[in-house]
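Subject: Structure handover

Hello,

Here is the structure for you to look at. My notes follow below it.

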Amino acid sequence: MPSPPRWLLAELTYRCPLQCPYCSNPLDYAKHKDELSTDDWKRVLKQSREMGAVQLGFSGGEPLVRKDLTELVQYSHQLGYYTNLITSAYNMDEKKVIELKKAGLDHIQISLQASSKELNDFIAGTETFEHKKKTAQLIKKQGYPMVLCVVLHRQNIHQIESILDMAIELEADFVELANTQYYGWAQHNRDQLLPSQLQLQQAEKIAKRYQTSQKGKMKIYYVIPDYYEGKPKACMNGWGTTFLTITPDGLALPCHSARQLPNFDCPSVKENSISDIWNNSIAFNYFRGDNWMKEPCRSCDEKDKDFAGCHCQSFLLTGDASNADPACKLSPHHHLIEKATQQAEQDNEHELVFRNTKNSNRLS
Amino acid sequence: MSLRTDQLIQIHSGYRLQWEEAQQIFVLLYPEGLIELNQSSAEILQLCDGQHKLADIIQTLESKFSTTGLENDIINFLTIALDNGWITQHA
């Protein structure tokens, strides 16, 4: 039997008032309009909890647009989950912050696009900056632990110092400096988002300085950019070992990008129980263990640490999800990554494609 | 920040210690993360309830398991816990 799921990511909806061009949702999200009902979600939450899931992220899209969010938070809290709300904070007023606290919400993660109003609102495609700051204060006032999440890319990475100063001012407990990962919309906009090596080196230096000076006060996570590491990330802590994502329309995925793998037949929670999906489905068993691996992974000393890297990235860049992740310098496709990082040394004049329904319909 | 012998120890307010029936272990939960605890770590953290100082914790566990010499292991674990922000101390 595989190890049980510990982490459940509930993508409640693809609807979102923001238009961030680095969104990891699928490009064709507009095609998937059906959303699970409240009862469907309760069934998923209960079955997942019984199997062992304990960390629960409400995400999306923007989870706040679901009218039943508070009800789902309350239900999850009663089941014993640690509940995380992953939100843009757009349209979140004090009443909602208090209502969710009463329902048992444990933590709120707010996204921030930049440290200046102009850049934040440009990247979000919506005027959100002032509102986000105000909501962050309300969240702290209600005694939640707060994570500020900033997705870093070539258009905002130069603001890292002022972003961290802002996090200190807002009394964030944790800051996630997440270098963009290239799936969905981010992959489509990759060349406009990938920072240069120099940009990254400068940012990393500043992040380290703040990690030291803020020790014991604010924890700063710096998510390493795999394009520049020469090493792949340990995808999902191992496929089908820890993470379970449920899409707004009810597909169960071993990783939140797996929907884009072709011919994969991810099972639906409308027709299958979570335990059946987790233990028996082809999708969840596909990359378990190492029998499926090709060279150079199969004989590699690192295979138990990185699990051949990210299969979605292998598919996106090489067309075959079972190839070694091209981010690895041992991959025969590593030149694809090098080509992208070389391009990132030059100016890029293409425009960002924003994540919205119009563009989704055009691209799908 | 180092571990103080004269202060009470408690789990940090943003963290939650919880028994997991499905896995038969204790876990420490915090924003977007969890730590699966082995038995000795769980025994120590259960006593970090704001009612005990270091010496009480050592004495309670040595008596519970009818043993001696746990001091170093307990101090080592609590030092890591304090460094990681899992626990806090107050007078």
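The contact between the chains comes first: 23 residues of chain A touch 16 residues of chain B, where contact means heavy atoms within 4.5 Å. This is a predicted model, in which local features need pLDDT of at least 70 and side-chain atom pairs count only at pLDDT 80 or more, while totals for chains, interfaces and linings use all residues. Residues are numbered from 1 along each chain as its sequence is written, chains are lettered from A and ligands numbered from 1 in the order in which they are written, and side-chain values use heavy atoms, with hydrogens and water left out.

Interface

The size of an interface is often given as the accessible area lost when the parts come together. Here chains A and B bury about 1500 Å² between them. Carbon and sulfur atoms account for 52% of that. Buried area is the accessible area (1.4 Å probe) that two parts lose on being put together, summed over both.

The rule finds three salt bridges across the interface of chain A and chain B. A salt bridge is a side-chain nitrogen of Lys or Arg within 4 Å of a carboxyl oxygen of Asp or Glu. B:E36 and A:R6 form a salt bridge through their side chains, N to O at 2.6 Å.

There are also ten residue pairs in polar contact across the interface of chain A and chain B, both residues at pLDDT 80 or more. A polar contact is a pair of N or O atoms within 3.5 Å; within protein, one must be able to donate a hydrogen and the other to accept it, and residues adjacent in sequence count only if both atoms are side-chain atoms.

Which elements of chain A give two or more residues to the side that touches chain B? They are α1 (38-51), β3 (82-87), β4 (107-112), β6 (174-179) and β7 (219-223). Of these, α1(A) gives the most, with three residues. Helices (H or I, at least four residues) and strands (E, at least two) are DSSP runs, numbered from the N terminus. By type, this side of chain A has ten nonpolar, six polar and seven charged residues.

Salt bridges within the chains

Over all chains, the structure holds 25 salt bridges.

A:R66 and A:D68 pair at 2.8 Å, N to O. A:R66 is buried at 6% relative accessible area. A:D68 is buried too, at 9%. Buried means under 20% relative accessible area, exposed over 50%, partly exposed in between (1.4 Å probe, protein chains only).

A:E99 and A:K96 form a salt bridge at 3.3 Å, N to O. Both lie in helix α3 (residues 94-103) of chain A, three residues apart, about one turn of the helix. A:E99 is partly exposed at 31%, whereas A:K96 is buried at 18%.

In chain B, B:R4 bridges to B:D6, with the closest N and O atoms 3.0 Å apart. B:R4 is partly exposed at 40%, and B:D6 is partly exposed at 42%. Back in chain A, salt bridges that share partners join A:R15, A:E35, A:R66 and A:D68 into one network.

A loop residue

Where does A:E302 sit? A:E302 is in the loop between α11 (282-285) and α12 (303-306) of chain A. A:E302 is partly exposed, at 28% relative accessibility. Leaving aside neighbours within four places in sequence, A:E302 is in contact with A:K231 and A:F307. A:K231 is 71 residues away along the chain, and the C-alpha atoms of A:E302 and A:K231 are 9.8 Å apart.

Best wishes

Definitions and conventions. Nonpolar A, V, L, I, M, F, W, Y, C, P; charged D, E, K, R; others polar.
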